[in-house]
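Reader: I am new to this structure. Please pick a single part, look at it closely, and then relate it to the rest.

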Amino acid sequence: MINYKRIKKDCFWEYNFSNEDILKLATSDNIREKSFLFQKILLNSTNLFSDLKIFDKKVLFNLLENYKVPQFNKDYTFKRKNMAEVYFFDKEVLVNELKWVV
């Protein structure tokens with residue numbers, strides 16, 4: 001179940017979006033709209049994994065694959081992107097402090 005209240009509080013505090021507005025972004029045929037929502041959740045959500053479930057798994061895979069980590073806040077953004085890749089798609093952990101010590 002998607003917690004729209006949390007998404008609005010964490011990610012859209014500067015907007016007046018309804019639950020329907022957020023769902024429309026997630027299910028839109030427009031990749032820019034989906035990317036906008038994805039970036040807001042990736043960078044701001046306090047419950048990243050639950051909130052990313054608003055996207056279909058195939059769509060989420062494409063959003064993660066095509067997301068370019070910006071120079072601003074690079075370490076933070078890279079970690080969150082990699083955590084999502086590991087959690088949803090069993091990709092390799094690339095963040096040293098998150099790797100298992102053997």
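Author: Glu85 lies in helix 6, where a helix is a DSSP run of H or I with at least four residues, a strand is a run of E with at least two, and both are numbered from the N terminus. The model is a predicted one, in which local features need pLDDT of at least 70 and side-chain atom pairs count only at pLDDT 80 or more, while totals for chains, interfaces and linings use all residues. Residues are numbered from 1 along each chain as its sequence is written, and side-chain values use heavy atoms, with hydrogens and water left out.

Glu85 has a relative accessible area of 10% and is therefore buried; buried means under 20% relative accessible area, exposed means over 50%, and partly exposed is what falls in between, with a 1.4 Å probe and protein chains only. Leaving out residues up to four places away in sequence, Glu85 touches Leu64, Asp90 and Lys91. Contact here means heavy atoms within 4.5 Å.

Helix 6 covers residues 74-89, and another of its residues, Lys79, forms a salt bridge with Glu97 in which the closest N and O atoms are 2.6 Å apart. A salt bridge is a side-chain nitrogen of Lys or Arg within 4 Å of a carboxyl oxygen of Asp or Glu. Glu97 belongs to the segment after helix 6, so this pair links distant parts of the chain, 18 residues apart. Lys79 is partly exposed at 32% relative accessibility, whereas Glu97, with a relative accessible area of 53%, is exposed.

Phe38 is buried, its relative accessible area being 1%. From Phe38 to Asp51 the chain runs 13 residues, and their C-alpha atoms are separated by 9.4 Å.

Asp51 is itself part of a salt bridge, its side chain meeting that of Arg6 at 2.5 Å, N to O. Arg6 is in helix 1 (residues 4-11) and Asp51 is in helix 4 (residues 48-52), so the pair ties together parts that are 45 residues apart in sequence. Both partners are under cover: Arg6 is buried at a relative accessible area of 18%, and Asp51 counts as buried at 0% relative accessibility.

The side chains of Glu14 and Lys40 meet at 2.6 Å, N to O. Glu14 sits in the loop between helix 1 and helix 2 (19-27), Lys40 sits in helix 3 (residues 31-44), and the two are 26 residues apart, which makes this a link between distant parts of the chain. Lys40 is buried, with 15% relative accessibility, while Glu14 is partly exposed, with 39%. In all, the structure holds five salt bridges. Side chains of opposite charge can pair when their charged atoms come close.

Leu25 is placed in helix 2 and is buried, with a relative accessible area of 11%. Its contacts, apart from neighbours within four places in sequence, are Phe12, Phe17, Glu33, Lys34, Phe36 and Leu37. Leu25 and Ile54 are 29 residues apart in sequence, and their C-alpha atoms are 9.9 Å apart in space.

The whole chain gives these residues their setting. The protein chain has six helices and zero strands. The C-alpha atoms fill a box of roughly 45 × 30 × 25 Å along the principal axes.

Of the 102 residues, 34% count as buried. Among contacts between residues at least 6 apart in sequence, 52% join residues at least 24 apart.
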